[in-house]
Amino acid sequence: MSSTQLLTSDDLDMIGYDALRGGDPRAAVTELLVAVDQQGLADPADTGYALMLAAELTEKQGELPPALALVERAIESYQQVEDAAGGFARARRGELLSRLGREDEAMAAFTALRPKLVRDPDAAAYLGEALEECGQGEIAEQWLTAALTTVLDRPDTTLNQRLTGALLQSRRRVRRDLELPADEYDNVVDRRQAQPGQGVMFWPHAEFDKVLLRWPAFADVYGHTWDAHRADLEKALTLWTEAGQSGFRLYAGTADGLAEYVGRHGGDPGDTEVRAGYARQLEGHGPAAVWPPGRNDACWCDSAAKYKRCCLPRSR
């Protein structure tokens, strides 16, 4: 495979996007595996992502054993590069084991991840969700509560603040799903969520490409690729949430919309205040996507994938 044919992160996104939007999933899986097996990825660090995407498409076709094999390959890839997404992949492995009726193995996989709840702020989301998917909501609530108690007894460091925020959010969601009465920790989350919503602008894939074509310098602001743009935004939203902010609403910007705003109000699109003005205009008139979406809902980035399989892992 020549260097001009190497698949970038954006290419992987588009392969998944097209397959999930009605394309041929089998052809997409073949293309992904050829890229992995024949060194056809522009960035070898994307190997795990390509394999997880292939696993999702395979699972959607009802082929669980092959999907499990792909997830296990992804886990090996993540271990080689010490990628934090390996925890998410291991949780997905537990889900697939459970769906295959291998409950003991699934619980062993989840139990091995449990120590991460007090070390990795992302673990609360992916482990709690995986347990719920397998009908183990009660265990998820118990583990999240125990981890929260442990972290609250620690010194008030930046990491422990992030862990506390993540555990509070995931625990509240699980307890709500279990229809448990709110306790003091739940009330903390509910008070935060009762605050007025905050608007955030993002560029959908097609518009991101148009924006960079029109204003190349925007790459330094929003990232050089759409993949980087949405990953950075997901990470920022996660950090803001862990810091106690909430109620985010995402508004999709367009290149033509920004140009029209500048035409009416003047200024330079490269000016931060000009773009902020356009974002405020969107808040007043444009449709909004509430963040975070439900883990099984369509992702906010309009990829057609479920949030838990799309941008949620990008925060890790």
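Ala, Val, Leu, Ile, Met, Phe, Trp, Tyr, Cys and Pro are classed here as nonpolar, Asp, Glu, Lys and Arg as charged, and the others, Gly among them, as polar. The model is predicted: local features require pLDDT of at least 70, side-chain atom pairs count only at pLDDT 80 or more, and totals for chains, interfaces and linings use all residues. Residues are numbered from 1 along each chain as its sequence is written, and side-chain values use heavy atoms, with hydrogens and water left out.

Pockets and cavities were located on a 1 Å grid over the protein atoms alone. A cavity is a set of points where a 1.4 Å probe fits but cannot get out. A pocket is an open set with protein on both sides within 12 Å along at least five of seven lines. Lining residues have an atom within 4 Å of a point. Points are joined across faces, edges and corners, and a volume is the space filled by probe spheres set on them. Helices (H or I, at least four residues) and strands (E, at least two) are DSSP runs, numbered from the N terminus.

Two or more lining residues come from each of α7 (123-133), α9 (158-177), α13 (226-242), β2 (248-252) and β3 (288-291). Helix α9 gives the most, with seven residues. By class, the pocket lining has 10 nonpolar, 11 polar and 10 charged residues.

Two cavities of 30 Å³ or more are present. The largest cavity has a volume of about 100 Å³. It is lined by 14 residues; Tyr49, Leu53, Ser303, Ala305 and Cys310 are the closest to its centre. Helices α1 and α3 each supply at least two residues of this lining. The largest share, five residues, comes from α1. Seven lining residues of the largest cavity are nonpolar, two polar and five charged.

The second largest cavity holds about 50 Å³. Phe88, Ala91, Arg92, Glu95, Tyr126, Glu129, Ala130 and Lys308 line it. The class count for the second largest cavity is four nonpolar, no polar and four charged.

Helix α3 (residues 47-60) has 14 residues. It reaches 20 Å from its first C-alpha to its last, close to the 20 Å expected at 1.5 Å a residue; the expected span is 1.5 Å times one less than the number of residues. Buried denotes under 20% relative accessible area, exposed over 50%, and partly exposed in between (1.4 Å probe, protein chains only). On this scale α3 is mostly covered, with 12 of its 14 residues buried. Among them are Leu51, Leu53 and Leu57. The buried residues of α3 pack against α1 (9-20), α2 (25-37), α4 (64-81) and α5 (86-99), where contact means heavy atoms within 4.5 Å. Gly62 follows α3 and has a positive phi, near 80°.

A disulfide is a pair of cysteine sulfur atoms within 2.5 Å. By this rule the count is zero. Cys301 is in no disulfide; the nearest cysteine sulfur, in Cys310, is 3.7 Å away. Cys301 is buried, with a relative accessible area of 2%. The sulfur of Cys311 lies 3.6 Å from the closest cysteine sulfur, in Cys299, too far for a bond. Cys311 is also buried, at 0% relative accessibility.
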